[in-house]
Amino acid sequence: MTVSITERLRGCLGAVSGLLLTGLASAAINGNWSTPSMLIAPLGASAVLLFAVPASPLAQPWSIVGGNTVSALIGVTCAQLIGDPLFAAPLAVSLAIGAMFALRCLHPPGGAIALTAVLGGPAVTSAGYEFVLLPVGLGSLLLMATALVFNNATRRPYPHSHQARPSHSHLTTDGKPTERLGVSAEDLDAALRQHDEFLDISRDDLGELVQEAEMRAYRRRFGQITCADIMSRDVVTARPDMPLREAWALLRRHDIRALPVIDADQRVTGMISEADLLAVVENGKLEGREAWFLRLVRPGKFSAGPPRVVGQVMPRGIPTVTEGMHAVELVPLMADKGLRHVVVVDQQQRLAGIISQADLIAALYRGRLEEQGAGAGRQAA
């Protein structure tokens, strides 16, 4: 187990919160505070998944609600149609597993719920199909709702979802640049098919782990090349109140493509690029006197509008990196997410430098040369 003490304590606290609230709700509904009827034993197993491993595909909302409910339905049906529990119990669990696979809601406690529906005693047997709704259905919903609130309140996203794979920035069918020589999504799919066994991790999460392992291996081979080593330190910047015409002039004068925008404390508030300035005119929102430098570039696209300064059109919330970050971690940002410039900040979140795609290419090239030189030296020795 490699998770931190904090993560373990969070799982424990989540379980006690979820089961306590489910029990209190059960007591309030039934008016019996001594016996919380919705706290059946399998929900304890569900709590382990929901609060200790919420990223698991087995712990997602449809898994707990769908898996538990369909298992209860199958268990009750087997109990009523097959008189001998010795045969009804294993058949109920077997059919529940098959149904959960078919409905894509595999949830291990569902097997225990199917078993409970058959072997739960007179109280469960007499309840019949009411057992499916209460305690199983409503109890699962309450526990899942608590997990939804608790996990997100403790900054652990739930339901766990992976961002949809972005379409290629050039609207072509090419794969992501980092996949062309590395492990691709198709490689992962083929390996999982060959493995032919359910793994308690999603394909997307597995891909992220593989990519992180590849970057760690790269760092081990090429040494500690940090952002501070490769960044440009003499950075041309803009202010939020800088006129757009002046920003364009800076871009042209220094032959650069983007300007970090900083406030009076040198903290980065955004980024303004050639594309942003062109988009203003493309959308017909730039004042006439300030658009003279773009009239030849986008003829016929001009109309009067309010934006006059950088702060009105710059993208905000841009991604930044720290000086100590390894240069290889820039590869997914620039290669896959299409960033052409990445701003580097210090510990106080003030501007420290900027890294372009050219800077990254040069750093990786230099690292490769040094590795080959070291290898040649070992062979000569």
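Guide: Let us begin at the surface of this predicted model, where Leu20, Leu21 and Leu24 form a nonpolar patch with about 280 Å² of accessible area together.

Visitor: Why is Leu24 called partly exposed?

Guide: The relative accessible area of Leu24 is 40%, and since the partly exposed class lies between under 20% for buried and over 50% for exposed, Leu24 is therefore placed in that middle class. As for its location, Leu24 sits in helix H1, which spans residues 5-30.

Visitor: Why is Val309 called partly exposed?

Guide: Val309 has a relative accessible area of 25%, and because buried requires a value under 20% and exposed a value over 50%, Val309 falls in between and is called partly exposed. This residue lies in the loop between helix H12 (274-282) and strand S3 (320-322).

Visitor: Which residues does Val309 contact, leaving aside its neighbours within four places in sequence?

Guide: With those neighbours set aside, Val309 is in contact with Pro240, Asp241, Met242, Pro243 and Leu244, where contact means heavy atoms within 4.5 Å.

Visitor: Why is Cys105 called buried, and why does Cys12 count as exposed?

Guide: Cys105 has a relative accessible area of 0%, so it is buried by the cut-off of under 20%. Cys12 reaches 52% relative accessibility and therefore counts as exposed, the cut-off there being over 50%.

Visitor: How many disulfides are counted?

Guide: The count comes to zero disulfides, the rule being a pair of cysteine sulfur atoms within 2.5 Å.

Visitor: Which residues of helix H5 are buried, and what covers them?

Guide: In helix H5 (residues 109-119), the buried residues are Pro109, Gly110, Gly111, Ile113, Ala114, Ala117 and Val118. Their cover includes helix H2 (42-52), helix H3 (61-81), helix H4 (85-103), helix H6 (122-127) and helix H7 (130-153). Just after H5, Gly121 takes a positive phi of about 100°.

Visitor: How many helices and strands does the protein have, and what share of its residues counts as buried?

Guide: The protein has 14 helices and five strands, and 38% of its 381 residues count as buried.

Key. Residues numbered from 1 in each chain as written. Predicted model: local features only at pLDDT ≥ 70, side-chain atom pairs only at ≥ 80, totals over all residues. Heavy atoms only, no water. Patch = residues over 30% accessible without salt bridge, like charges linked within 9 Å, V, L, I, M, F, W, Y side chains within 5 Å. Areas by Shrake-Rupley, 256 points an atom, 1.4 Å probe, with all protein chains shown as cover. Salt bridge = Lys/Arg side-chain N within 4 Å of Asp/Glu carboxyl O. Helix = DSSP H or I, 4+ residues; strand = E, 2+ residues; numbered from the N terminus. Buried < 20%, exposed > 50% of the residue type's maximum accessible area, 1.4 Å probe, protein only.
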